[in-house]
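The stops below go through the strands and their pairing.

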Amino acid sequence: MSEDLGRWGGEEWNPPRCPHRESVVVGVTATGPDTIVASCGCYLTQEEAAALRR
């Protein structure tokens, strides 16, 4: 296994995808009580953000 695969979660890692653009989401940031921004720049609902963690 290469160092890159270990760092990114291994060969079986399936990164979450944005429900709006299908781009890979590497993180989300809460900018307010009801405002969540994904790393791709899309705004997500609480439900969408929770689904990314599953």
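How many residues does the hairpin use to join strand 1 to strand 2? The hairpin joins them through 2 residues. Strands here are DSSP runs of E with at least two residues, numbered from the N terminus. This is a predicted model, in which local features need pLDDT of at least 70, side-chain atom pairs count only at pLDDT 80 or more, and totals for chains, interfaces and linings use all residues. Residues are numbered from 1 along each chain as its sequence is written, and side-chain values use heavy atoms, with hydrogens and water left out.

Select residues 28-32, which are strand 1, and residues 35-38, which are strand 2. The two run antiparallel and are joined by 4 bridges; strands count as paired if DSSP finds at least two bridges between them. Within this pair, pick Val28 and find its bridge partner Ala38 in strand 2. Then pick Thr29, whose bridge partner in strand 2 is Val37.

Ile36 is the residue opposite Leu44 of strand 3. The hairpin of strand 2 and strand 3 has 4 residues between the strands, and there Gly41 takes a positive phi near 100°.

Finally, show the 3 strands together: they form an open, antiparallel sheet in the order 1-2-3. Strand 1 and strand 3 are at the edges with a single partner strand each, so one side of each has no neighbour in the sheet.
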